Structures are given as structure tokens and as C-alpha cells.
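Look at the sequence and the model below.

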Amino acid sequence: MPSKLNIPVSKDDTPQTKFTVKDDSASLFMVTPERIKTLEQLIKVAEVDTQAWEVVSFTCNKWEVAAYSKKQDAFRTSDLWQVKATFKKRTDVLQMRAIAKEILSEVSKAVAPEKKSIREKVKDGVLAEVDLFDAHIGQLVWGMETGQGNYDLQIAETKYLQAIETMIARLAPYRIERILFPIGNDFFNVNGSSGTTFNDTPQHEDARWQKTFRVGVRLLRQSVAMLSKVAPVSIVVVTGNHDTEPIFYAGEILSAIYEKNGNVTVDDAPTQRKYFRYGKCLIGFTHGKYEKHGELPIIMANERKEDWKETQFREWHLGHFHHKKEYQFLSSQEFKGVTVRILRALTETDAWHTSRGYIGSLRAAECFVWDKNHGMVCNLSVNV
């Protein structure tokens, strides 16, 4: 019988399992003949929600149990494994889930059902990929401390919308068939009420996390409304290391809003890497913190085998590093190259990076114009 906090006693409710919850802590004790020897195995068998509970301690030991076998006329021994784990509730995650659920409920009531209407398709058009990476909505930067510009919730919102507006104006000469709009890549600055990143690195925040989340969702809706006046929009949610959970919740809210809108699609799959195919072009998105950049081409080839065979122009677009950089990789002479681009960020350089001598890079949003048969034909920048 599952517990009310998503850690089941056991799948078969055996007496060898003991589960207790006290306030924001929980402990799980299990004795089993199965060879559960690692924390990962225990978490998998017990179906622990690791986003809601973090591990505090783990122990594992075994002993032999003897039993007489009449058939073999001998004693047989078998191993019993005892595993114990204690957990601490991640209250910031649970609070973020609660507010996301609340906003989603409000959206469902406020947004009237839309009839599915699709724009008339532009013939011989192009794809416009609009990238506003590393916005860090909610971050607080004091210019007097960093020697650069100020940055707060209001400034971030203004700069973001100005970049969208300017990008739309610069795309006017093109016949846009579709707009690809990757969101995430540290769109939010913190992961929740703790005021830290997903990996618990403290951050300087301008506002309460609830307010920042509401502003962020509103900002994304405004951006999509502006872009969808130009062409149908495909939203791709890319997980960052600052906002791993809230950007997923924001993506789910956008999915609900545009569920019946034929001009907007949302890819909020819980995968770290995302891909978008456009004719002979294959574009991969990931934040860039976790993978080795030299391995990204082979990762693309393995994860998108069919697309790899059928495309000629392949690129990875990364954030995280807050500066622009390109690599060219050739897997072998018989394969085409894969370009790995690190895109610029919208946010200002914060106090921590400034104190360690990191010089602020040019802040910019970027846009790539793709032709189905000829690959990337233009790269536009909007400096902020």
C-alpha cells in the first residue's frame, strides 16, 4: 500500500518492510532475499520520488539463513539483505509543485477552449530559431558591486520582451514557415524556495520564488503571443542546472494553455536533450553542463539514428557558459560535420563570477534562419 508521501511500504506489503514518516523526515527499512545492495536499487524497488525526497543516509548488510532440505537431505543456506535509508523532504520542490498546480488550475478556468485553427502554410519558407538563453529570471545583480549593469526581475522582463520584439522586426524580410522557440537553459535563476540552484548553490534573488515563477510564466506567454503572430511556433523546453524543476512545471502549464491551439506546439518531455528536425537539418539542444562537448556528435548519431541518416546539416546549440563559441567535429571522412555552438546569455555577470575575475561577455539573443535543403543561411543577433 503506497504511503501518502509517494514512498510505498513495498509492492507486496510484506512485513519485512518498515516505513516511518515524522514531520519532514522519512526512513525506509527493508529485509529481502533479492540482491538489493545499492541505494539506487532500493530507490527503484521502493519507487521513491527523489525529486521530493533527498537521501540523508544509507546502510546495507547481509547474513546467511540456513534451512533443511528433505529432497537433498542437507542444509541449504541463502543470503538475506538488509537495507536502510533515511530521507529528508525537499520542501522547496513540493511548494513549487503546489504553485504550479495552482497556476495550472487558474489557467484551465481562465482560458476558453479554442477551436483548432492552423495558419495557411507558407510555401518555400524558412525556419526561424529564436534563442534567448540563460535569462536567469529573478537574479539580482547590483552594478556598483560588479562594475557592470544592474539586473533584477523587472529589468529581465523588459530586456526579454525587447529582444523578442527586435528579433521579429529583423526577421521581416524572410518568409517564415515556422518559429522554433527553445525555452529553459536557466530561464529561471533558482530552483525554488531555498534560493539555490538544483545542486544547492546559493544565488542572489530579487523576489520571492512564487512571484518570480508567476512573472516567468507570464513572460513566456507574452513571448509566444508575439511570435505566433508571425508564424506557427514550436516550443522546446530545455532543462538547465539552475531551474531543473520550475522550467518543467512552466512547460506543463504552456502545454495546457496551447493544447487546443493548432499554431503552437510544446515539447516538454522530461529528457535532458531535445531535437528538432527541419528538412535536411537536425538541431540538438542541451544546456551544456553535463555532457562532454566532444561526445555530442556521437550522442546525436546514437539518439537520432534515422534523422542522422536522412540529414546533412547538424548542429548542437548550448547555453550555460554565457559566451559564444563554436566547434567543428568530424566523426570520420564519410560523415558530415556537426557544429556545436555555445550561445550568448541575456543575464548580467553576477557578483560571484565577478569576484573570481570572470569578465562579462556580450549579452545577446540570437536567431538562426534555416533552409530545409541548404541548412543555416543566416545568424542574427540582438545585443541587450
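Y275 and W316 are both buried, where buried means under 20% relative accessible area, exposed over 50% and partly exposed in between, with a 1.4 Å probe and protein chains only. This is a predicted model, in which local features need pLDDT of at least 70, side-chain atom pairs count only at pLDDT 80 or more, and totals for chains, interfaces and linings use all residues. Residues are numbered from 1 along each chain as its sequence is written, and side-chain values use heavy atoms, leaving out hydrogens and water.

A pair of aromatic rings is described by the distance of the centres and the angle of the planes. Rings of Phe, Tyr and Trp (its six-membered ring) pair if their centres lie within 6.5 Å; planes under 30 degrees apart count as stacked, over 60 as edge-to-face and the rest as tilted. The structure holds five such aromatic pairs. In one of them, the ring centres of Y275 and W316 are 5.3 Å apart and the planes stand at 65°, so the pair is edge-to-face. Y275 belongs to strand β9 (residues 274-278) and W316 to strand β11 (residues 313-318), so this pair ties together parts that are 41 residues apart in sequence. Helices (H or I, at least four residues) and strands (E, at least two) are DSSP runs, numbered from the N terminus.

The pair of F187 and F188 has ring centres 4.9 Å apart and planes at 85°, so F187 and F188 are also edge-to-face. Both F187 and F188 are buried.

Six strands form an open sheet in the order β8-β7-β6-β5-β14-β15, and the pairing is mixed. Two strands pair if DSSP finds at least two bridges between them. At the edges are β8 (264-267) and β15 (375-383), each pairing on one side only. Strand β14 (residues 364-371) pairs with β15 in the antiparallel sense over eight bridges. In this region D371 stands opposite G375 of β15.

Which helix has 12 residues? Helix α6 (residues 246-257) does, and from its first C-alpha to its last it reaches 17 Å, close to the 16 Å expected at 1.5 Å a residue. The expected span is 1.5 Å times one less than the number of residues. Among the buried residues of α6 are I247, A250, L254 and I257. An α-helix has 3.6 residues a turn, so residues three or four places apart point the same way.
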